[in-house]
Amino acid sequence: MSLNWFIFLFFVAGYIKRYDVPSFIKEKVPIIFWGLVICFFVAVTAFNVYKLKVSNIPFHLRSSANDGVMFFLSTAVFLFFVGKDNIHNKIASAISNLAPYTLGVYLIHANPYLNRCGFWNYVIPESFNIPIVLHCILSCTLIFLLCIFIDFIRAKIFKVINVDGLVESLTKRLPKELPCLPSGK
């Protein structure tokens, strides 16, 4: 939901990767992850059933963005894959190949123009023709893959027109140290 949250999770993952976690936590990661997922969906469902009974507000899936549940789920997913390099080589390879494009996914899907043109009204309609959970999984997957593809094409175009070389040559022209500003004396 925010760039700050993305950066925070990135730093937490970097910390875990550098300093590791105790083995007893690593062993329990799948149980912790699925327990949190189940608790989250049970709580959301209970909240929606309560709202439906009390005030006749129709059911809809609520998402928590930058809270403790998402932090623990994100950390559990990361921990699940950290210790599984030998078992999940193909998954780790796919994640490594997609990782450079995830910031692009964030920047593309959070673009204010998509809101102004009504794109999100198509993704999150008033009523659903398929079960809402299936709709959420399919739409999130499709948006993620589409944004990955767009950023992949952008990276290829930047490589063809040598944007990295241009940035490097401009960087070399910058002074090694910034000149001191006059003190006003």
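**Helix 8 and its surroundings**

Hi everyone, let's start where helix 8 has ended: asparagine 162 follows the helix and has a positive phi, near 60 degrees. Helices here are DSSP runs of H or I with at least four residues, numbered from the N terminus.

A quick word on the source: this is a predicted model, where local features need pLDDT of at least 70, side-chain atom pairs count only at pLDDT 80 or more, and totals for chains, interfaces and linings use all residues. Residues are numbered from 1 along each chain as its sequence is written, and side-chain values use heavy atoms, leaving out hydrogens and water.

Now, the helix itself. Helix 8 has 29 residues and spans 42 Å from first C-alpha to last, close to the 42 Å expected at 1.5 Å a residue (1.5 Å times one less than the number of residues).

Which residues of helix 8 are buried? They are Ile132, His135, Ser139, Ile143, Cys147, Ile148 and Asp151. Buried means under 20% relative accessible area, exposed over 50%, and partly exposed in between, with a 1.4 Å probe and protein chains only.

Let's stop at aspartate 151, which counts as buried because its relative accessibility is 7%. Leaving aside neighbours within four places in sequence, aspartate 151 is in contact with Pro100, Tyr101, Gly104 and Ile108 (contact means heavy atoms within 4.5 Å).

Finally, back to the end of the helix. Isoleucine 161 sits in the loop between helix 8 and helix 9 (163-173). Is isoleucine 161 buried or exposed? Exposed, because its relative accessible area is 55%.

How values were computed:
Helices (H or I, at least four residues) and strands (E, at least two) are DSSP runs, numbered from the N terminus.
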